[in-house]
Amino acid sequence: MSESMPVEISPVYEGERIRKQDMYVELGGPNVEHKCELVLAKPMEEVEDGKISIVGPDLNELKEGSSNPYAVVVEVAGKMVEKDLESVIERRIHDFSNYIEGYMHLNQRYDIWCRISKKAFNKGLNSFKWIGMALAKLYKAEMPFIEKIQITFYTDPEKVKEIYEQALKIYEARDARARGLRDEDVDTFYSCVLCQSFAPQHVCIITPQRVSLCGAINWFDARAAAKVDPKGPIIPVAKGECIDPIRGEYTGANEIVEKRSLGANKRFWLYSCFGYPHTSCGCFDTILFYIPEVDGFGCVDRGFKGPTVNGLPFSTMATQVGGGIQTEGFLGIGMEYYRSAKFMQADGGWNRVVWIASTLRARIEDAIPPHLKDKIATEKEAPDIESLKKFMIERGHPLAKKLLEMEAAAKAEEEKAPAEAAPAAAPGVTISGLPLPAAGGAGGIRITLKGAKIRINQLIIKKEG
Ligand code: SF4
Ligand code: ZN
């Protein structure tokens, strides 16, 4: 690329992770409240092509090892550039940024987390102007419909806060636009494979009522992208025949999933967490996870730091959910999908949700149906499964009756277990040194294994004495 560029710009750096001990500075991320990225479509005369501005301290003025508020605003213009393209252009900040050696970019919208490596800083990546120049060149090369581009980097805390608040309103307006349109109303869905560089089998199917799992691309955005960039990662999907309207299975979506995942996945149930769930890459806003003990769902967002009700934090579950593999009971989903009438429709929708992290709840409170507002626990009321069960029963959650039945059945099972276990063990027999009760006899111990998978390498049964 540019001769004066101090570091390399290439897709080979996409998988680069910068660990804390190797970072020079952190921009955005979990340690700062305000961070965001925003693309705005502007009239031609309002964009000065190639202009890079920095508002606040530049990279070489930030304290080594510090975490800083950060906003990146990209303004674009062109005859074919329309408002509907903003989200799609914005989503590319992620991969283009990751092409820059020594610059790591994670997530999207209001949740970005970037780092500059010490090595790159020492090589000369000491100003945002280099990042701006690289992004501008990549945008022009990969999205030729962009005729003019100017980029502003904000690190001044007050300014970042201002942009952040403005950006939240813009994201909300984009999301709101797709509300009201139903999957039944259109013949075309869209498919995106932008994340295949991280998760090679992953394919997103975007419908009016199912936003992409990164939360950044809705049906309108995808439509605009496919129109302007037909050879790009987002393409139209003829919906085809609806095989199952409740689970959300469509022949056209299945065909494209099979084709674009190179046969790894063949079917998607768009409105279910079971059977053939939509795959997840790694950049999902939130995770929906099945809680077998209560037969309900928990939901957690990336911003939630503690353990969830099942004892696992977001980061641990993210490794189970991601990678483009269909994982029943775990689903990465975009924030806006919680507001959809199709949300987990096949599994009971909101009536199946029993737990939600308070950080996520604060963002989607409006999506929770009124009759469930006081019946869904957060980590404050239910830090673990036992307290969750109690909460559900006390509050009369729609699953409470089933939960009581499950508990009663388990208890009955426990009670009859000794009588059933006895005939299997002859008097005086021990298994692994544990004495089992003799047939019809009293005493001994009772072992109840629920939902367990047992693998035995060696079983020694011997007569006592
Ligand atoms: Fe595209 Fe899906 Fe990745 Fe979003 S999560 S960028 S829609 S593949
Ligand atoms: Zn992704």
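Predicted model: local features only at pLDDT ≥ 70, side-chain atom pairs only at ≥ 80, totals over all residues.
S53 stands opposite T152, a residue of β8. β3 and β8 run parallel and are joined by four bridges.

Both strands belong to an open sheet of four strands. The order across the sheet is β2-β5-β8-β3, and the pairing is mixed. The edge positions go to β2 (35-41) and β3 (52-55). Each of these two has a single partner strand, so one side of each lacks a neighbour in the sheet. On average, neighbouring strands here are turned by 15 degrees against each other, direction ignored.

Helices lie across this sheet. Helix α1, residues 86-98, lies across β2 and β5 (70-77). Its direction makes an angle of about 135 degrees with β2. Helix α4, residues 157-178, lies across β2, β3, β5 and β8. The angle between α4 and β2 is about 60 degrees.

E147 sits in the loop between α3 (128-142) and β8 (148-154). In sequence, E147 and G78 are 69 residues apart. In space, their C-alpha atoms are 4.7 Å apart.

Next comes helix α6, which spans residues 251-260. Its buried residues are A253, N254, I256, V257 and R260. What do they pack against? The partners are four strands: β9 (188-192), β10 (204-206), β11 (234-238) and β13 (249-250). After α6 comes L262, with a positive phi near 55 degrees.

The last stop is ligand 1. There are 13 residues around ligand 1. C192, C195, C204, S212 and C214 come nearest. By type, the shell divides into 11 nonpolar residues, one polar and one charged. C192 lies in the range of β9 (188-192), and C204 lies in that of β10 (204-206). Both strands are among those that the buried residues of α6 pack against.

Note on methods: Residues numbered from 1 in each chain as written. Chains lettered and ligands numbered in written order. Near = placed C-beta within 6 Å. Nonpolar A, V, L, I, M, F, W, Y, C, P; charged D, E, K, R; others polar. Buried ≥ 20, exposed ≤ 12 C-beta atoms within 10 Å, placed from the backbone. Contact = placed C-beta atoms within 7 Å. Pairing = 2+ DSSP bridges. Axes fitted to C-alpha atoms, helices over the stretch in contact; angles between N-to-C directions.
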